[in-house]
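Please have the sequence and the coordinates open while reading.

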Amino acid sequence: MDREVRDLVLRLAAENPTWGHRRVQGELARLGHRIAASTVWKILHRAGVDPAPRRTGPTWQQFLTAQAHTILACDFFTVDTVLLKRIYVLFFIELATRQVHIAGVTAHPTGAWVTQQARNLLMNLDQHASRLRFLLRDRDTKFTAAFDSAGGDHGDGTPARSRPAFTCEHQMGLRLQLA
């Protein structure tokens, strides 16, 4: 493959992040370069250029890094007692500081209980809670609509934190180990 055409393929892909390999191939044809779409794909693949949808916007890692100070994540972990009883621990973690907040412990968590624990945590965080915008959680049925709106507002109609924009506990790789 001619180096000039290869460089042109990479330039077109870089300057037009929403274009896929077929669109790049079509533009090259309009410029008088006869090249197959599969060849364009190979050039992009060998250069490490992701397919078009993945080139637009930040990656997941970039998003988490940029927004870490506004993200709070929550989940449960379980503790089995000596008497063979299982208790559930609701915890929240601030991504930026990795500070863990144990919100509550119960043998039978319900949606209402989880919502109340979230409200209690937000009261304890006080002014600090106003900068939290995202909540990461899984799709557990205990995280109800009331839980999602537990942040309330600041009195001027702006939410203390917006509704959860995504659920991704597995992508975050959060792990708590009890000693």
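Which residues have the most contacts inside the largest nonpolar core? In this predicted model, they are Leu90, Phe92, Val114, Phe143 and Phe147, and the core to which they belong has 18 residues. The points below place this core within the chain and then turn to its parts.

**Overall architecture**
- The protein chain contains eight helices and four strands, and from the N terminus on its elements follow the order α-α-α-α-α-β-β-β-α-β-α-α.
- Of the contacts in the protein chain that link residues at least 6 apart in sequence, 54% are between residues at least 24 apart.

**Burial and surface**
- The protein chain has 179 residues, and buried residues account for 37% of them.
- Its accessible surface is about 11500 Å², with 51% of that area belonging to carbon and sulfur atoms.

**The nonpolar cores**
- The largest nonpolar core, with its 18 residues, draws at least two residues from each of β1 (71–80), β2 (86–94) and α6 (111–125).
- Among the contributors to this core, α6 gives the most, supplying six residues.
- Apart from this core there is another one, made up of 13 residues, including Leu8, Trp19, Leu28 and Leu44.
- As a general background, nonpolar side chains in soluble globular proteins tend to be buried together.

**Surroundings of Val114**
- Val114, one of the residues with the most contacts inside the largest core, is in contact with Phe76, Leu90, Lys142, Phe143 and Phe147 when its neighbours within four places in sequence are left aside.

How values were computed:
Residues numbered from 1 in each chain as written. Predicted model: local features only at pLDDT ≥ 70, side-chain atom pairs only at ≥ 80, totals over all residues. Heavy atoms only, no water. Core = buried A, V, L, I, M, F, W, Y, C linked by side-chain atoms within 4.5 Å. Buried < 20%, exposed > 50% of the residue type's maximum accessible area, 1.4 Å probe, protein only. Contact = heavy atoms within 4.5 Å. Areas by Shrake-Rupley, 256 points an atom, 1.4 Å probe, with all protein chains shown as cover.
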